[in-house]
Amino acid sequence: MASVFVLAAASGASAETLDSALARAYGNNPSLNAQRASVRATDENVARAKSGYRPQVNASADIGRSYSNVNRPARTGTPGGENFLTPRGYGIEIEQSIFNGFRTVNSVRQAESSVLGARETLSNNEQNTLLDAATAYMNVLRDTAILDLQRNNVEVLDEQLRQTRDRFNVGEVTRTDVAQAESRLAASRSQVSLAESNLRTSIAQYRQVVGVEPRSLAPGRPLDRLLPKSVETALKVALNEHPAIKASEHGVDVAELQVKIDQGALAPQVGVRGTVAQRYDNQISDDRALSASVVAQLTVPIYDGGVAYATTRQSKETVGQRRLEADSIRDQVRAAVVSTWGQLEAARAQIVAAQAQIDASETALNGVREEARVGQRTTLDVLNAQQELLTARVNLITAQRDRVVASYAVAQAMGRLTSRSLGLAVNHYSPKIHYDQVKDLWGGLTTPDGR
């Protein structure tokens with residue numbers, strides 16, 4: 001009976017399905033879109049790092065006004081006098097790094113590792129968002145069904161109170177029985193208020209994650225097709241595929257490359273600088289001078305006060321930190337798989353137990369009502385039997401919700417709750433498209449989407 005509430009809460013062509021709700025969350029969730037923007041920003045680090053391969057070109061121009069008044073002795077034979085000049089000129093300077101201790105190549109590799117790590121972090125956030133959406137969807141279904149049960153219970157208890165009062169008027173029961181029925185009715189109305197509050201909370205969370213108000217939600221189904229048969233297999237998949245683990249491993253690569261970059265500061269630096277300049281009115285009026293030069297420069301760092309050495313040691317400590325963080329994330333993923341797998345198995349068992357409890361409670365309630373009619377049971381016995389049946393139905397609804405959510409949680413803990421594995425009807429976001437658009441750009445202020 002209770003399965004009707006969770007697994008068949010709505011039907012019809014216009015009903016929102018769990019998959020369509022997940023698709024909405026995948027496309028509209030602002031936190032997820034912000035993470036995608038963050039990945040696009042990270043892509044630009046590669047273009048910035050590659051700028052180290054390219055020349056730095058600067059143009060300059062200047063103009064001024066000068067005045068001089070020179071008095072020279074007559075014996076020098078050179079006349080003095082006042083002189084007004086307008087010195088001006090323009091030029092261009094080009095600098096090209098030839099060797100910088102492999103800092104550029106390591107910076108590019110580091111930026112590429114950062115991009116890969118950002119993509120894995122995005123994948124992890126996508127899966128978290130999809131799990132949040134599935135949880136919100138099932139919470140709305142659960143709380144809607146529980147509210148219906150509580151309202152129906154109020155109607156039943158109201159009828160029970162009416163019958164008790166009738167029996168009190170003919171002397172079959174006492175005032176105590178009436179008071180017990182009134183008390184239980186008041187408590188049921190309180191439960192209705194609580195259920196309404198829970199439903200409003202669930203609706204708000206659904207709106208936050210999915211982006212729209214829930215309307216006519218269709219039944220939710222467990223995600224058994226993505227789950228392995230044993231927790232050992234789930235652990236093996238998670239440790240190999242979970243994006244959080246992969247992101248932490250890329251973080252280790254980034255830290256190791258930073259060590260090489262810092263060590264490069266101790267290596268000799270070789271570069272070439274070329275300049276071309278045109279000057280006017282530099283010494284006398286109307287003179288002009290064109291100059292050009294090409295200079296190869298070698299710089300050998302000898303001692304910088306210990307900054308480079310301290311920076312390298314600091315980077316090595318960061319590598320150790322990242323490795324420990326990666327180990328911690330592996331432990332977290334392992335714990336998540338075991339925990340969610342246990343929740344899934346518990347939910348399965350609770351459904352069976354709750355269904356058995358409902359069958360027994362219905363039989364007990366019918367029996368108690370018959371016995372109460374012939375005076376073998378009190379009003380309180382009937383009320384208690386009614387409450388036990390209500391509790392059993394609520395338990396079944398909750399267990400069915402937990403069963404569905406736990407199946408999605410296991411898939412997320414394994415790292416397989418992706419839009420592609422779910423087969424969502426969406427335009428699957430590919431961070432590689434933006435990366436390919438910007439990684440080799442030499443210039444331009446406009447982003448690939450036109451901003």
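Two rings of Phe, Tyr or Trp (its six-membered ring) count as a pair if their centres lie within 6.5 Å. The model is predicted, and it holds 3 aromatic pairs. A pair of aromatic rings is described by the distance of the centres and the angle of the planes.

**Aromatic pairs**

- The ring centres of Y67 and F84 are 4.9 Å apart and the planes stand at 45°, so this pair is tilted.
- Y67 belongs to strand β2 (residues 66-70) and F84 to strand β3 (residues 81-85), so the pair ties together parts that are 17 residues apart in sequence.
- Y67 is partly exposed, at 45% relative accessibility, and F84 is partly exposed too, at 44%.
- F99 and F102 form an edge-to-face pair, with 5.1 Å from centre to centre and 90° between the planes.
- F99 counts as partly exposed, at 29% relative accessibility, whereas F102 is exposed, with a relative accessible area of 54%.

**Charges over rings**

- R36 lies over the face of Y26, at 4.6 Å from the ring centre.
- R119 places its charged end over the ring of Y435, 5.1 Å from the centre of that ring.

**Strands β5 and β6**

- Strand β5 (residues 269-280) and strand β6 run antiparallel and are joined by 12 bridges.
- Y280 has R288, in β6, as its bridge partner.
- Strand β6 (residues 288-299) is hardly covered, as the count of buried residues among its 12 residues is 0.

How values were computed: Residues numbered from 1 in each chain as written. Predicted model: local features only at pLDDT ≥ 70, side-chain atom pairs only at ≥ 80, totals over all residues. Heavy atoms only, no water. Buried < 20%, exposed > 50% of the residue type's maximum accessible area, 1.4 Å probe, protein only. Helix = DSSP H or I, 4+ residues; strand = E, 2+ residues; numbered from the N terminus. Pairing = 2+ DSSP bridges. Phe/Tyr/Trp six-rings, centres within 6.5 Å; stacked < 30°, edge-to-face > 60°. Lys NZ or Arg CZ within 6 Å of the ring centre and 35° of its normal.
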